[in-house]
Amino acid sequence: MIKVKINGQEQNWDGDPDLPLLWFLRDEVGLTGTKYGCGQALCGSCTVIIDKQAVRACITSVSDVAGRDVTTIEGLHPTGDHPVQKAWRQLNVPQCGYCQTGQIMQGAALLMDNPKPSHDQIREAMAGNICRCGCYQRIENAVHLASTGV
Amino acid sequence: MNILTNPKKLRGFERHLKVENVSRRSILKGLGIAGGFALAAPVMSRPAFAAYETGASKMPHGTVVDPRVFVSIAPDGIVTIVGHRAEMGTGVRTSLPLIVAEEMEADWSRVRVQQAPGDEVKYGNQDTDGSRSTRHYLMPMRQIGASARSMLEAAAAKRWGVPATEVKARNHEVVHAASGRKIGFGELAADAARESVPGIEGLKLKDPKDFRYLGKGQIGIVDLRDITVGKAHYGADIRLPGLKYAVIARPPVTGGKVKSFDAAEAMKVSGVEKVLEVKGWPWPSKFQPLGGVAVIARNTGAAIKGRDALKIVWDDGANGKYDSVAYRASLEEAARKPGLVVRKEGDADAALKSADKVITGEYYVPHLAHVSMEPPVAVADVKGDKCEIWAPVQSAGGTREDVAKTLGIPDANVTVNVTLLGGGFGRKSKCDFAIEAALLSKELGAPVKVQWTREDDVRHGFLHTVSLERIEAGLDKSGKVIAWRHRSVAPTIASTFAAGAKHEAPFELGMGLIDNPFEIANLQCENPEAAAHTRIGWFRAVSNIPRAFAVQSMVAEIASATKRDPKDMLLELIGSPRLVNLSSVKDPWNYGEPYSSYPIDTARLRKVVELVADKGGWGRSVPKGHGLGIAVHRSFVSYIATIVEVAIDDKGKLTVPRVDTAIDCGTYVNPERIESQIEGAAIMGLSLAKYGEITFKDGKVQQGNFDDFPVIRMDESPLVTHVYIVPPGPDTPPSGVGEPGVPPFAPALINAIFAATGKRIRSLPIGKQLEA
């Protein structure tokens, strides 16, 4: 039995220990805010935060996170008002919205590590997250806005 | 007023209608092949409302304008407006209901949007494609809103015993100015519902100067908050009790099938419950599934792992030799010989012979995959002769029809719940993934989710075609272009519907080939044959991508050869402000729109060129290694011009410091979403120009994920994209926004690279061509 803390709540798993965290979250726990986009850590749609680090849930197994604290988009902020989330809404960032939870988690992780990133640092840190709609200009500006305090 | 478009009742109209294949799913009819779909008839007399007519009535099931279908008001005043089109990122789920709210004087903060299931008899056409939602529905939505407003006013007037002309709806209440009385929409709801729906004649639309929302751009999309907190529901997010998770191994070659398979190892994978063969249809079969072997599991991860353990022997079938290198050579060969003439003015052959100089360009664009961030996915629950679907589909009504037909049950027994779409770009106009889920659910007697992996999406989609555009421009001694011959060779989307289709359909020819706006005396367009060897489908902007790339590159090539400024050259070729005469074209298509409302207006085309040149600083001096390129293109009856600035370092590394785009899309609803669409189009344009290439070898797609089919990431995206929207004239009909931003980007970029380096790229993607 593997025990994982997800958004502060303990979850148990007695199935395949190699099951990617992504599918554990989505299909077994029912937290669907973490998205599937590529399955190979190429797109960032499945980004969650573990120990203040952005982690791709699609290549992380449940056993990898045994005993750890995992934060998903649902647990980023109790009322959904993390500065990054607020900045996102202020700048009307999303188009289809599918990749946006992963983008927001990546942006939030960046600000934990570097509270005042430059535009170049934002562009570099967010380059692992693909948005096929092409919202990059607004994503960049929203992360920057969040860093200035929304 | 309450005219339902029950197709059964419309048969009598059909023979009076010109059949046009304006709908992406009704293409069969346009190709003259038997198919069981309903034709739409005009359901309302539009001229009473606007100075323009659209092609909406020719779409399957036409338009429904009954306010009782689209609007409901609760006693607490909450107004619910139905969004009947698919939301894939354009903002349509917000903008169409916003139009209704505007006209009925509802306060947007007290409006809720409810997504319509697939039901075109009830809601009218739901095919969310072709950049046509706003252009087809601006007026119908205004009419629905105005009807609702009029019913509320009539109810209030009756209650107060005053003439209806004395009352006026304003911001969620009806006011009687003479007595100062007011009554809220919620309190009037029950009475208003009993009022008869007013006829067109009595309806009055708001004066645009009184608009609170339309054209203002201050309203965020309705799903904004849910998206940012992870509560927005896409197709993959549907969860049902007892849901089974499935992935399918599909034939690696289009038209292939399963010869034999061994499921023993797959069944040993923890969580795998069952392995079974899925029915496939012989290619081509429109949107029917490819077939293959499905792995059913307790979660998606187990299903994927189980699939990896399958041993399958495939029969590759007729397309097993499809090879992109050889195919390109065959396209080039075809383009160098005469083909079917699809437009002819003057005598281009003779004029080319007598020309002082002929400039020839061959432009190649390979297959492209849509790779929406949400790969295809669908949930189905079949119980007896009923089926319920939850899926991110662009064509809710079409999905319902195709699922019903596949299962052999009436349309009415199929419910299609439309989730948000995690991107669409044309891929989700084809509902094969929903049919797969329905087939599996029927087989298993349980609700099933079919999840496509990214590799499935890249390898088994409906790809953008592969094309060779050859243009020969003949110049006289003064450098004036006197002849233009454009041959376009590409496998047609029609080949996905009908075996052996080798010529492009009118809707493909009409995307930048036969609708060429240039004022050239001798102009000829030809379409040599090309056979398809995989499923070809609509990709955002479709054939406009290769056509704009070819035509707008050639303009810059002529400018360079004659030492002219590319923008001046462009304006010279566009010529005088006029409506382009397409009388020599058998079927001008024109995006399904009547030419009277949506002519090719070169004054508007010139205007976007001049606007972007002015605002975008055309001719400004740029640092060494930088260059500016310009391109213009009319598509989806909108006019768009783009200037791209590139910077190329001494190692050939390409960056884009700035993009400027001017768009004339007529009357518009939400300028903020127009800007977002254009910003995104620049990035999709850059993706396809820099990296976009799907290749085949031995009939199989050689790419599979974002490592070998890369798209632009933030660190390479344009530093800034500026968007300039042309203010609409009075009664200028609305036109497309979702797609037209894409086509001019690649040629503007390529022209900028030429300006920076002197290197002319005629084959996309750019790849390593700048590194040489």
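**Confidence first**

I started with chain B, which averages a pLDDT of 93, with 93% of the residues scoring at least 70; pLDDT is the predictor's confidence in each residue, from 0 to 100. This is a predicted model, in which local features need pLDDT of at least 70, side-chain atom pairs count only at pLDDT 80 or more, and totals for chains, interfaces and linings use all residues. Residues are numbered from 1 along each chain as its sequence is written, while chains are lettered from A and ligands numbered from 1 in the order in which they are written.

For the complex, I noted an ipTM of 0.99 and a pTM of 0.94 from the predictor.

**The three-stranded sheet of chain B**

I found an open sheet with the order β1-β2-β3 (chain B) and mixed pairing. Helices (H or I, at least four residues) and strands (E, at least two) are DSSP runs, numbered from the N terminus, and two strands pair if DSSP finds at least two bridges between them. At the edges sit β1 (71-73) and β3 (111-115) of chain B, each pairing on one side only. Between neighbouring strands the average turn is 25°, direction ignored. β1(B) and β2 (residues 79-83) of chain B run antiparallel, joined by three bridges. I picked out B:I73, whose bridge partner in β2(B) is B:V79. Helix α4(B) packs on this sheet, touching β1, β2 and β3 of chain B, and its direction makes about 135° with that of β2(B); axes are lines fitted to C-alpha atoms, for helices over the stretch in contact, and angles run from 0 to 180 degrees between N-to-C directions.

**What else does α4(B) meet?**

I followed α4 (residues 92-104) of chain B to α6 (residues 133-160) of chain B: their axes come within 7 Å and cross at roughly 35°. The crossing is right-handed, meaning that the near helix is turned clockwise from the far one by less than a right angle. The α4(B) side includes B:L96, B:I99 and B:V100, and the α6(B) side includes B:Y137, B:L138 and B:M141. By type, the residues of this contact are 12 nonpolar, four polar and four charged. Here Ala, Val, Leu, Ile, Met, Phe, Trp, Tyr, Cys and Pro count as nonpolar, Asp, Glu, Lys and Arg as charged, and the others, Gly among them, as polar.

**Strand β23(B)**

I saw that β23 (residues 654-664) of chain B is mostly covered, with eight of its 11 residues buried. A residue is buried if 20 or more other C-beta atoms lie within 10 Å of its own, exposed if 12 or fewer, and partly exposed in between, with C-beta atoms placed from the backbone. Nine bridges join β22 (residues 638-648) of chain B to β23(B), antiparallel, and B:T642 stands opposite B:T661. Five residues separate the two strands of this hairpin, and B:G652 in the turn has a positive phi of about 90°. β23(B) also runs parallel to β26 (residues 721-725) of chain B, through five bridges.

**Where the chains touch**

I ended at the contact, which takes 49 residues from chain B and 47 residues from chain A. On the chain B side, α20(B) gives the most, with seven residues.

Notes. Contact = placed C-beta atoms within 7 Å.
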